[in-house]
Amino acid sequence: MNDWNAMTDAEFRKEVRQFFEAEYPEELRHLPHRPKFAEIEHWHRKLHAKGWVAPAWPAEYGGMGLNAAKLLIFYEEQQRWGVNRGRDMGVQMVGPLIIKFGTQEQKDYWLPRILSCEDIWCQGYSEPGAGSDLANLRTRAEIDGDEFVINGQKIWTTMAHDATHIFMLVRTNPDAPKKQQGISFLLAPMDQSGVDVRTITTLSGETEFCEVFFDNARTPRANLVGELNKGWTMAKALLSFERIFIGSPSLAQNALGQLESFARGRGAFDDPVFRDRFAQAALDVEDHAALYARFADQLKRGETLGADVSMLKIWVTECFQRITELMIEAAGPDGGTIGPLQVGNISVDVLASFYKARPTTIYGGSNEIQRNILSKAVLGLPG
Amino acid sequence: MLSSEQDDLRLLRESARMLFERAGGSGRARKLRDAGGDFDPEMVRELAEAGVFGVAVPEDNGGLGMGLAAGGIIAGEVGRVIAPEPVVLTIGLSLGLLRRLCPDHPKVPQLISGETVLAVAWQERGPGGAPADATCRYAGGKLTGAKAWVVGAAGSQGFLVVAQGDDGQVLVLVEANADGFVINKRAQADGSSLGELSFSGTPAAELASGRAVQDALAEAVVDATALAAAELVGLSERAFEITLDYIKTREQFDKPIGSFQVIQHRAVDLHVMCEVAQAGVGEALAQMDGETDPKIRARLASRAKARAVTAAKKLTRDAIQLHGAVGYTDEFDVGLYLNRALVLSAWLGDDAYHRRLWFEAREEEGAAQ
Ligand SMILES: Cc1cc2nc3c(=O)[nH]c(=O)nc-3n(C[C@H](O)[C@H](O)[C@H](O)COP(=O)(O)OP(=O)(O)OC[C@H]3O[C@@H](n4cnc5c(N)ncnc54)[C@H](O)[C@@H]3O)c2cc1C
């Protein structure tokens, strides 16, 4: 068993980098779409054999047990090499919740299956009437003997059509005085007659997310995680690390690198106006990275992050969008063309980047919601 | 755990802040402006006692040897109270030149101790003009010609002038009361002035000559640019605090205006811009301290100034808007911050100018690799 945290940051980075560079399949680098599991299965096997599927989990549960600093390095290297995150909702979201709030039986049963991807998870939070106002969710789960009976609808469920299980927030007490109070966290199998999945085609023409309908679907009572009606606080408890991850500079940095090679190949830098806008975007990325480093240092010192970490997401996602606009601008008459554009010996899929940038300001708490949070929790502005 | 270096910087920040607060904060800046726009020589001496001017001068030459990042911290505090004292001018330009060209000259300790203030005159045709185009000539102990955009000309005891000598450039010292020397003052938005100097056979003492003058000047300008960026960040930070207080207390429609979502989101954007500027400019200055290649240092300074001006523009303009009509009066302090930001933004190149330099430097580094 390796004690990764005892290594220096540089040693650890080197080790991670070497593994990715040697083992990650070339054809999967910087995938422009979200892969189905079958597409990345051979890579997942390697990762699993190495014991690297769950970098953040404690070692006793089969994780790498990385501290926050090492974890950031791991993700930085992953993104630097264009390593796909794979179908990681189990590892990123359900696993940590079970580890923190689950029973011993739940841990013994689910955690190994998450690591091996025997179970593949999707996240069932959003509903047609519950987006930013997530606590407004209506999907009901009622106790019937040893089971919960589920009725309702989830939407925007990423990769539900390629998942075996769904973890969901459901309403278990419709009469609770506050809507946050009657919500529970439930695990359910997808492969049953009461669950109907319909894919939704995105703007870019991919089928990345779905609607999931529940019509008297069933799941064992043992699949309730944590206490009944305490799902809301549990789900919120998980957000802290995700908030810095979603604000990391890598998406914007990668896009900027692409923009630069593309613009150079296209001669866009001959135009002083374009040069200036490129410089603006590049400086926006550089200065964001400086701000990100401050938060990362906080984590490294073992401090917990405050609500102010939201500013990273606001800045970097909007910056990412501006960069992809510049790619379209540099593409000129090809700015509406689907698929990779060839310039010299590189090819850049301008529209794929553009589409990828759009939802970053919507999911993970929309940027407007992040601004609401900052204005109240950080600036102390009233009501 | 913070390193001891970070601890030193924190202490430096705290003592500079206390000194300025005790002296009256931004209210002092208003009084000085109303009294004619000069800085306060007494304050210069107090700052000197706190070690402010020698902060970036090596210890062997009587300074603190703490580097540019420390200078930036002080400049940030100057910006917070929009103090008119020539802090960036002295740390960055006058001492920046002398410590590089003639560190043993008696003016060095005088500048560090605040006994004297020297303005620096090198430009004749704007920040883009190459020093080699200079027409102001020095020969046989006399200076003839003109210089412009001289900051701090009004209260200085003397001038460091970069001129054309017989063999390339020279740095000379001109006393403020020298014969054949006229200063024309152009009023600036913040109450300070820019000097236009004309010399006709003015007596001057040569301090240095040759290629070294050009190099030292370039580096001093780079330092001053980075420090001006730090000053703008401090200014922006304080302009934001004033605005945040205002929107929490000003009521309309029976509520604090800070309860309206549009105002809240604008306030958040200002806050985020401020934080990005602080982080970016702080990082740039810290990296400059660890870097010896003048070209890379210049690129970092341009990064800092580009960000700082962008931030200060947004912060000070929006601050006025969020104050409503009182923001348009001379009575409220935010206006002082706007006016100071106008002056500091224009000095040594604005954001567009520095983005261009930054881009060109980056291209050059890329091509060299
Ligand atoms: C690509 C993608 C993948 C996703 N994957 C999943 C998934 O796997 N599982 C899952 O559960 N969900 C998923 N989501 C859903 C996502 O969490 C929601 O889209 C998000 O919470 C916003 O909800 P909404 O789309 O209903 O927008 P709404 O909440 O209706 O918002 C519409 C607009 O109104 C603004 N707005 C709303 N409330 C306020 C307010 N109080 N103040 C100011 N502005 C406000 C929003 O910012 C937005 O601009 C995904 C979304 C996307 C785009």
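In this predicted model, 32 residues of chain A are in contact with 33 residues of chain B, where contact means heavy atoms within 4.5 Å. The two chains bury about 3000 Å² between them, and carbon and sulfur atoms give 62% of it. The ligand lies between chains A and B.

Residues are numbered from 1 along each chain as its sequence is written, and chains are lettered from A and ligands numbered from 1 in the order in which they are written. Local features need pLDDT of at least 70, side-chain atom pairs count only at pLDDT 80 or more, and totals for chains, interfaces and linings use all residues, while side-chain values use heavy atoms, with hydrogens and water left out.

**Interface of chains A and B**

- The size of an interface is often given as the accessible area lost when the parts come together. Buried area here is the accessible area (1.4 Å probe) that two parts lose on being put together, summed over both.
- Eight salt bridges are counted between chain A and chain B. A salt bridge is a side-chain nitrogen of Lys or Arg within 4 Å of a carboxyl oxygen of Asp or Glu.
- One of them joins A:Asp287 to B:Arg303, at 2.8 Å from N to O.
- On the chain A side, the elements giving two or more residues are α8 (250-266), α9 (272-300), α10 (310-331) and α12 (367-378). Helices (H or I, at least four residues) and strands (E, at least two) are DSSP runs, numbered from the N terminus.
- α9(A) gives the most to this side, with 13 residues.
- By class, the chain A side has 15 nonpolar, five polar and 12 charged residues. Ala, Val, Leu, Ile, Met, Phe, Trp, Tyr, Cys and Pro count as nonpolar, Asp, Glu, Lys and Arg as charged, and the others, Gly among them, as polar.

**Ligand site**

- The ligand is surrounded by 18 residues, each with a heavy atom within 4 Å of it.
- The closest are A:Ser132, A:Trp156, A:Thr158, A:Ser366 and A:Glu368.
- An N or O atom in the side chain of A:Ser132 is 2.6 Å from an oxygen atom of the ligand.
- A:Tyr125 uses its backbone: an N or O atom there lies 3.0 Å from a ligand oxygen atom.
- The side chain of A:Asn372 places an N or O atom 3.1 Å from a nitrogen atom of the ligand.

**Domains of chain B**

- Chain B has domain 1 (4-116), domain 2 (120-209) and domain 3 (213-368). Domain bounds come from an automatic or database domain assignment.
- The C-alpha centres of domain 1 and domain 3 of chain B are 20 Å apart.
- In chain B, 28 residues of domain 1 are in contact with 31 residues of domain 3.
- These two domains of chain B bury about 2300 Å², with 63% from carbon and sulfur atoms.
- Eight salt bridges cross between domain 1 and domain 3 of chain B.
- B:Asp330 and B:Arg30 form a salt bridge, with their closest N and O atoms 3.8 Å apart.
- There are 12 residue pairs in polar contact between these domains of chain B.
- On the domain 1 side, α2 (25-34), α4 (67-80) and α5 (87-101) of chain B each give two or more residues.
- That side divides into 14 nonpolar, eight polar and six charged residues.

**Domains of chain A**

- Chain A is assigned domain 1 (4-86), domain 2 (121-229) and domain 3 (238-378).
- Domain 1 and domain 3 of chain A have C-alpha centres 22 Å apart.
- Here 11 residues of domain 1 of chain A are in contact with 10 residues of domain 3 of chain A.
- The buried area between these domains of chain A is about 1000 Å², 68% of it on carbon and sulfur atoms.
- The rule finds zero salt bridges between domain 1 and domain 3 of chain A.
- Two residue pairs are in polar contact between them.
- Helix α3 (residues 68-80) of chain A gives the largest share of the domain 1 side, seven residues.
- That side has six nonpolar, two polar and three charged residues.

**Salt bridges overall**

- Over all chains, the count comes to 66 salt bridges.
- A:Lys179 and A:Asp133 form a salt bridge, at 2.9 Å between the closest N and O atoms.
- This pair links distant parts of the chain, 46 residues apart. A:Lys179 is in the loop between β4 (165-171) and β5 (183-189) of chain A, and A:Asp133 in the loop between β1 (121-124) and β2 (140-144) of chain A.

Terms used. A polar contact is a pair of N or O atoms within 3.5 Å; within protein, one must be able to donate a hydrogen and the other to accept it, and residues adjacent in sequence count only if both atoms are side-chain atoms.
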